[in-house]
Amino acid sequence: MSLEVDPFHPFEGPEKKVDIEFFCDPSLPKGLRLVPKARWESMLSLINCTILSPLHNELCDAFLLSESSLFVYSHKVIIKTCGQITLLRCVEELLKLGSEFCGASVAYINFSRRNFFFPDEQFRPHTSWDEECAYLKNHFPGGKALVFGPRSCDHHYVFMADYREGHHTEARPYAGQTLEILMTGLDRSVMSQFYAKSDSNFAHATQSVGIRDLLPDVQLDDHQFQPLGYSLNGLQDSVYFTIHVTPQPECSYVSFETNAYLDSYDTMVQKVVNIFKPDSFTVLLFSENQCCMHALGSSYQNFYLRNRKHHQFFSDREHNMEFCSFRQYGTVSPEVAMKRPKQRPPCTTPETISETQEISVS
């Protein structure tokens, strides 16, 4: 969330995310971690974003931002921004930093975001998916752009380009998968913990809602915004975690993300959902390992599956994405309620499984 949040104006919680992997000079093993903090701050200033606090270990530099998070590995950068931040406007500077400090060029890029709550309040180049695709196409030719889920409810936009074919890539210290859990319609009693109190500290919400118990052995950096909102970064060896909370009831939103590798993500998903108690949530799993695609369940306690789709982006390379959308029983969206029969067996899977919609970006 932003440093200055107006509690009377709804906030755009859903993030835009850029995940870029680089070819770096092999003689510089620290790679992108050679970029000093001041240069990251200068890059972020282009999009009116600031660093609140850093977190480091031997494999990753994590920065908690005024609007979400930045993670820097030797060959990889992940930036998430919420609100009205124009994330794509810093991409050119990011590419320049990589080239300047470690002779880097782009090996792979993934830009993704959920549908916005308030799309009319975004600024260029984020006023539409077509505009974002045009911007990305200009910088990353040959990429693929897809929309997962029906446009009438929760859906996700993804642009991906891979230039690693025929190149030798160094062993990577980070995992090759990413799990995202995007939650809406959060429980008000849980969200009340994310309003700043005069005697509160950053650890208050982390402890009170169960985040510390969820990540018991993880090095954490958390922040409670004034007067509301919460962000957290966590590191454990090469694994990162990040959580962002927008508690306003009219636009409540929580995101959880990690690159942890698990044989099954069901327990983690259920634990996260149990903490925040959403009405609906979407799970995204990006992976370079086909086996990971069997790690997501089709149901969770008190929730039914609305949409599910698997897609492999490049037939000759392992780039898989699983999209699953769930809703709590008894809480249906208005557009679904109008189409649903008056009576439906309580355990049948409602709604038609959505198809991935591809947009040409050649």
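# Questions on a predicted structure

Q: Glutamine 177 stands opposite serine 287 in strand 14. What makes strand 9 and strand 14 a pair?
A: Two strands pair if DSSP finds at least two bridges between them. Strand 9 and strand 14 (residues 280-287) have 8 bridges, so they pair, in the antiparallel sense. This is a predicted model, in which local features need pLDDT of at least 70, side-chain atom pairs count only at pLDDT 80 or more, and totals for chains, interfaces and linings use all residues. Residues are numbered from 1 along each chain as its sequence is written, and side-chain values use heavy atoms, without hydrogens and water.

Q: What makes up the secondary structure of the protein?
A: It comes to 8 helices and 17 strands. These are DSSP runs, numbered from the N terminus: H or I over at least four residues for helices, E over at least two for strands.

Q: Why is strand 9 called largely enclosed?
A: Buried means under 20% relative accessible area; exposed is over 50%, and partly exposed is in between (1.4 Å probe, protein chains only). In strand 9 (residues 177-184), 8 of the 8 residues are buried, so the rest of the structure largely encloses it. Gln177, Leu179, Ile181 and Met183 point one way, and Thr178, Glu180, Leu182 and Thr184 point the other way. Residues on both sides are buried.

Q: What makes strand 13 a partner of strand 9?
A: Strand 13 (residues 253-258) and strand 9 are joined over 6 bridges, in the antiparallel sense. Leucine 182 stands opposite serine 255 there.

Q: Which strands stand at the edges of the open sheet?
A: The sheet has 8 strands in the order 10-11-12-13-9-14-16-15, with antiparallel pairing. Strand 10 (219-224) and strand 15 (303-312) each have a single partner strand, so one side of each lacks a neighbour in the sheet. From one strand to the next, the twist averages 10 degrees. Helix 7 (residues 266-276) packs on this sheet and touches strand 9, strand 12 (239-246), strand 13, strand 14 and strand 15. Its direction makes about 25 degrees with that of strand 9. Touching is a contact: heavy atoms within 4.5 Å.

Q: Which residues of helix 7 are buried?
A: They are Met268, Val269, Gln270, Val272, Val273, Ile275 and Phe276.

Q: Why is asparagine 48 called exposed?
A: The value is 65%, over the 50% cut-off, so asparagine 48 counts as exposed. It lies in the loop between helix 1 and strand 2 (51-56). Asparagine 48 also has a positive phi of about 55 degrees, although it is not a glycine.

Q: Why is glutamate 322 called buried?
A: Its relative accessible area is 6%, under the 20% limit, so glutamate 322 is buried. Glutamate 322 belongs to strand 16 (residues 320-328). Glutamate 322 and leucine 284 are 38 residues apart in sequence, yet 5.7 Å apart in space, C-alpha to C-alpha.

Q: Why are helix 1 and helix 2 called roughly antiparallel?
A: The axes of helix 1 (residues 37-45) and helix 2 (residues 91-102) come within 10 Å and cross at roughly 160 degrees. Axes are lines fitted to C-alpha atoms, for helices over the stretch in contact, with angles from 0 to 180 degrees between N-to-C directions. Under 35 degrees is roughly parallel, over 145 roughly antiparallel, 65 to 115 roughly perpendicular, and the rest oblique. The angle is over 145, so the two helices are roughly antiparallel.

Q: Which residues of helix 1 and helix 2 meet?
A: Arg39, Trp40 and Met43 in helix 1 meet Glu93, Leu94, Leu97, Glu100 and Phe101 in helix 2.

Q: What makes strand 8 largely enclosed?
A: In strand 8 (residues 156-162), 7 of the 7 residues are buried, so the rest of the structure largely encloses it. Strand 6 (residues 105-114) joins strand 8 through 7 bridges, running antiparallel. Arginine 113 has tyrosine 157 as its bridge partner in strand 8. Strand 7 (residues 144-148) also pairs with strand 8, over 5 bridges in the antiparallel sense. Here lysine 144 is the bridge partner of methionine 160.
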